[in-house]
Amino acid sequence: MKDVIIACDFSSADAVLEFLDKFSGCERKPFVKIGMELFYAAGPDIVRKIKARGHRIFLDLKLHDIPNTVRKTMKVLSDLDVDMTNVHAGGTIEMMKAALEGLTREDGSRPMLVAVTQLTSTSEERMRGDLLIDHPIAEVIAHYAANAKEAGLDGVVCSPLEASIVKERCGREFLAVTPGIRFADAAADDQVRITTPARAREIGSDFIVVGRPITAAQDPVAAYRRCVEEFLN
Ligand code: C5P
């Protein structure tokens, strides 16, 4: 189940396909994350193309709308045959339940569904000042994770440093999908709460989402292999 997901934050279909070509000789077919930038630029066809190459896909569109709209949109995404997708837990339990309904196919199968708790870019200070949420951020994350679990979701996206809080509250089976991963000897870029693949494994992440440490590496395949080695082995 555990895996390394490469965040393919490219702005065109050509760029992502050229990047994935590098992995044609790799012993593992990487699980890839397609985010808003690429999806809005290249459309659903890029999902079909990457899927046809045999990659598993996390479609990271972070839906947050009224339950009816989310239900119907999730049906469309489910028909795209992605493996994982997500919503904002802030959309409420009712919205998350609607997402799950929309995602579930007639035969009962569905992609994994995870919820974003609070974005890692949101500080406790901004949560208080901008959002008027007056609780410690760890409590908010644990509460949003519990809401996602109550709605029937498979897990949450959170910082690796929050994975243990989520597991404590929601149980070991509840998935922690964690971006904010950096090698011990590399730059943090704009990420703040970061950790290494090895430490993420120790804390309990189920999936690590790794972007620039792989996509901007001189040798992306070697960087991917290093992630796999540290996280899975
Ligand atoms: O390049 P980097 O490894 O920082 O990429 C991390 C990926 O995870 C990006 O696609 C980013 O949008 C995503 N992400 C994140 N923090 C969150 C949710 C998603 O960094 N809380």
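Analyst: Strands are DSSP runs of E with at least two residues and helices are runs of H or I with at least four, numbered from the N terminus; two strands pair if DSSP finds at least two bridges between them. With that in hand, let's look at strand S8. The model is predicted, so local features need pLDDT of at least 70 and side-chain atom pairs pLDDT 80 or more, while totals for chains, interfaces and linings use all residues. Residues are numbered from 1 along each chain as its sequence is written, and side-chain values use heavy atoms, with hydrogens and water left out.

S8 belongs to a closed barrel of eight strands with parallel pairing, in the order S1-S2-S3-S4-S5-S6-S7-S8. On average, neighbouring strands of this sheet are turned by 25° against each other, ignoring direction (axes are lines fitted to C-alpha atoms, for helices over the stretch in contact, and angles between N-to-C directions run from 0 to 180 degrees).

S8 runs parallel to S1, joined by four bridges, and Ile-5 has Val-209 of S8 as its bridge partner. S7 also pairs with S8 in the parallel sense, over two bridges, and there Thr-178 stands opposite Ile-208.

Which way do the S8 side chains point? Phe-207 and Val-209 go one way, Ile-208 and Val-210 the other, and all are buried (under 20% relative accessible area; over 50% is exposed, in between partly exposed; 1.4 Å probe, protein chains only). In a regular strand, side chains alternate between the two faces of the sheet.

Helix H11 (residues 220–232) lies across S1 (3–7) and S8 (207–210), running at about 145° to S1; contact here means heavy atoms within 4.5 Å.

Now for the ligand. It has 13 residues around it, and Asp-9, Lys-33, Gln-191, Gly-211 and Arg-212 come nearest (a residue is near if one of its heavy atoms lies within 4 Å). A backbone N or O atom of Gly-211 sits 2.8 Å from a ligand oxygen, and a polar backbone atom of Arg-212 is 2.7 Å from an oxygen atom of the ligand. From Arg-182, a polar side-chain atom lies 2.9 Å from a ligand oxygen; a polar contact is a pair of N or O atoms within 3.5 Å. On its own the ligand has 470 Å² of accessible area (Shrake-Rupley method, 1.4 Å probe), and the protein covers 84% of that.

Terms used. Polar contact = N/O pair within 3.5 Å; in protein donor to acceptor, adjacent residues only side chain to side chain.
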